[in-house]
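Have a look at the model first, then read on.

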Amino acid sequence: MGRMHSTGKGISKSSIPYKRTPPAWLKTSSEEVTEHVCRLAKKGLTPSQIGVVLRDSNGITLVKSVTGNQLLRILKANGLAPALPEDLYHLIKKAVAVRKHLEKSRKDKDAKFRLILIESRIYRLARYYKKSKQLPANWK
C-alpha cells in the first residue's frame, strides 16, 4: 500500500524478533521494568520516549517480551496513559506550527496546501480513534 500524501510505496522496515522470550542475559524482572516505566511516565516522557530510554539505557528491546504487557497497556493500568494518542498529538502540534508560520507568511501557498494535508490526516485519525472508542465521540 502506498503512502497517504506522497508517491512513495516503500516497504523497508525493521522486523520484530521471532523469539518472544526475553534474552538470557537480561536480569531485570517484570516488576522492575513496570516500576521503571511508571517512573519515566511520571517525569513526563511520552510512551515512545520511554521505549527509547529502555532500549538504549537498559537493553530492553521489547517491553512485552519481559512483562507480558505492552508499554501503553502498562501505563493505562497505572493511570499514566496520555489523554490524546501520541500520533494524533504530534499531528496537531505540526498543524499548529504550520498555522503559526502562515500567520507570518500569508503568501506561502505550499504551506497552506501542506496544512490541508495535515488536517485531513488529523480528521482521518480522529475518526479511527472515535470508532475504536479511544477518543470520546464528541471530540473536536
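1. Let's start with histidine 36. Setting aside neighbours within four places in sequence, histidine 36 is in contact with Leu54 and Asn58. Keep in mind that this is a predicted model. Histidine 36 itself sits in helix H1, which covers residues 30-43. Its relative accessibility is 18%, so histidine 36 counts as buried; the cut-off for that label is under 20%.

2. Now the charged pairs. Side chains of opposite charge can pair when their charged atoms come close. Searching the whole structure turns up four salt bridges, and three of them are worth a walk-through here.

3. Glutamate 119 and arginine 99 form a salt bridge through their side chains, at 2.5 Å from N to O. Glutamate 119 belongs to helix H6 (residues 109-131) and arginine 99 to helix H5 (residues 86-104), so this pair ties together parts 20 residues apart in sequence.

4. Within helix H6, arginine 114 and aspartate 110 are separated by about one helical turn because they are four residues apart. Their side chains meet in a salt bridge, with 3.6 Å from N to O. Arginine 114 is partly exposed at 38% relative accessibility, and aspartate 110 is partly exposed at 47%.

5. Finally, arginine 55 has a salt bridge with aspartate 56, and their closest N and O atoms are 2.8 Å apart. With 47% relative accessibility, arginine 55 counts as partly exposed.

Methods
Residues numbered from 1 in each chain as written. Predicted model: local features only at pLDDT ≥ 70, side-chain atom pairs only at ≥ 80, totals over all residues. Heavy atoms only, no water. Helix = DSSP H or I, 4+ residues; strand = E, 2+ residues; numbered from the N terminus. Buried < 20%, exposed > 50% of the residue type's maximum accessible area, 1.4 Å probe, protein only. Contact = heavy atoms within 4.5 Å.
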